[in-house]
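Welcome, and thank you for opening the viewer. Please keep the selection tool at hand, and let us walk through this model stop by stop.

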Amino acid sequence: MERLAKIAALTMVAALSLSAAFAQEADVAGTQPAADAQPVAEAQPAADTQPVAEVPPVAATQETVAKLDAVPGVQTMFSQVFVDPHFKEIDIELGAEDFVLIVTPSDKATLEIKSNMKEAMPLVMQDEKSLKVVQKNKKVKTEGRICTVVLTVPQNIPPAEFELSMQSGVATLDPIAAGSVEIAVGNGTLTAKDIQASKEFELSVNAGKATLTSVEAGAAEIAAGNGTVTVERVRASKKLAVAANAGSLAIAHSETPSFSGAVKKGLLTAADVTADSIAVAVDSGKATIDLAKVFSRVSSLLVGSGNLSLLLPADSVFYTTASVNKGQFESEFPSSNKGPELKVKISKGTATVTKR
């Protein structure tokens, strides 16, 4: 959890460097780690590929060696069925391995690692509270190696916490529900369907790519470092914080009481936004925020040398207080003392408020 928090914090701090200078003017904005689990003892390869028998969660690994037709040369090096899948924490830390998460109506959880090199296998650890798959090999890629980690979890037994960290490789996630969901992508590619996090959802993408269909969470944080993030829909019951350092972040639809956006040198596009308040800070990048309805609480726009565009319904009612240094501010809405306040501060860049 600390790992992802650090990544997300670094991105957000960098993108909010401008807003820190105006902090007095704008409001831009557990689980304890499980005890170390004991490694699952490694078993000798089975003589054949008979189905793996169910074993207690702390029993030795049931290992089979079988050639897979889909990928010649790849073998199933690790395969285990978990009789009791009530894991409070699932933590996956991978290097160059691919990862597949499958959600099933079954009450069983299964883990399978398909690899053509046994010596570069991720380490599997489990106890009655947690399941961890960790790649200890410091080399992100090993010449000629192919490896996929496949985790199947029951739909009706959501974990308290699901964490996924990947340096490279490809990750594909079925719809998943958990208390909190944290995902960190280095140079890899992530594709996820519906994600439900009753508490928190955090996504940080360094130089890779992430495509999400739907996110529902109490609080959501989405950050694009140098990579690309695309989200079709986000619903956050408490707040939604997004950031683009030098990458690109696009959200097609969002609903939240509090929307905050921070852009360093990247590009932020948020369409069809429904929020009670917004706070957007742009350093030297560009942001386009399209609101489905006018904000109902005090909101703010901060611009350094970049460009910020705010689109509002033509019948929106609010009043603006603007402070402009060498930049430019334009609004298609008349001056008024009615409705909520929109605070605008511009250094050298440009901010526009237009009718949609």
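Two strands pair if DSSP finds at least two bridges between them. Helices (H or I, at least four residues) and strands (E, at least two) are DSSP runs, numbered from the N terminus.

Before we set off, note that this is a predicted model, in which local features need pLDDT of at least 70 and side-chain atom pairs count only at pLDDT 80 or more, while totals for chains, interfaces and linings use all residues. Residues are numbered from 1 along each chain as its sequence is written, and side-chain values use heavy atoms, leaving out hydrogens and water.

**Stop 1: colour by confidence**

Colour the chain by pLDDT, the predictor's confidence in each residue, from 0 to 100. The chain average is 84, and 78% of the residues score at least 70. Now select residues 1-69: here pLDDT stays under 50. For this stretch the model has 148 contacts (heavy atoms within 4.5 Å) beyond four places in sequence.

**Stop 2: paired strands**

Select residues 189-205 and 209-224, which are strands β11 and β12; they pair in the parallel sense over 14 bridges. Look for Phe 201, which stands opposite Ala 220 in β12.

**Stop 3**

Leaving aside residues up to four places away in sequence, Phe 201 touches several residues, including Val 181, Ile 195, Leu 212, Ala 220 and Glu 221. A nonpolar core is a set of buried Ala, Val, Leu, Ile, Met, Phe, Trp, Tyr and Cys residues joined through side-chain atoms within 4.5 Å. Buried means under 20% relative accessible area, exposed over 50%, and partly exposed in between (1.4 Å probe, protein chains only). Which residues touch the most other members of the largest nonpolar core? They are Phe 99 and Phe 201, in a core of 78 residues.

**Stop 4: salt bridges**

A salt bridge is a side-chain nitrogen of Lys or Arg within 4 Å of a carboxyl oxygen of Asp or Glu. By this rule, there are five salt bridges.

- Select Glu 255 and Arg 235, whose closest N and O atoms are 3.6 Å apart. Glu 255 belongs to β15 and Arg 235 to β13, so the pair ties together parts that are 20 residues apart in sequence.
- Next, show Lys 264 with Asp 283, at 3.4 Å between the closest N and O atoms. Lys 264 is partly exposed at 24%, whereas Asp 283 is buried at 18%.
- Finish with Arg 356 and Asp 290, where that distance is 2.7 Å. Arg 356 lies in the segment after β23 and Asp 290 in β17, so the pair ties together parts 66 residues apart in sequence.

**Stop 5: aromatic rings**

Rings of Phe, Tyr and Trp (its six-membered ring) pair if their centres lie within 6.5 Å; planes under 30 degrees apart count as stacked, over 60 as edge-to-face and the rest as tilted. The count comes to three aromatic pairs. Phe 82 and Phe 87 have ring centres 5.5 Å apart and planes at 85 degrees, so this pair is edge-to-face. Phe 82 is buried at 0% relative accessibility, and Phe 87 is buried at 6%. Phe 295 and Phe 318 also have centres 5.5 Å apart, but their planes are at 55 degrees, so that pair is tilted.
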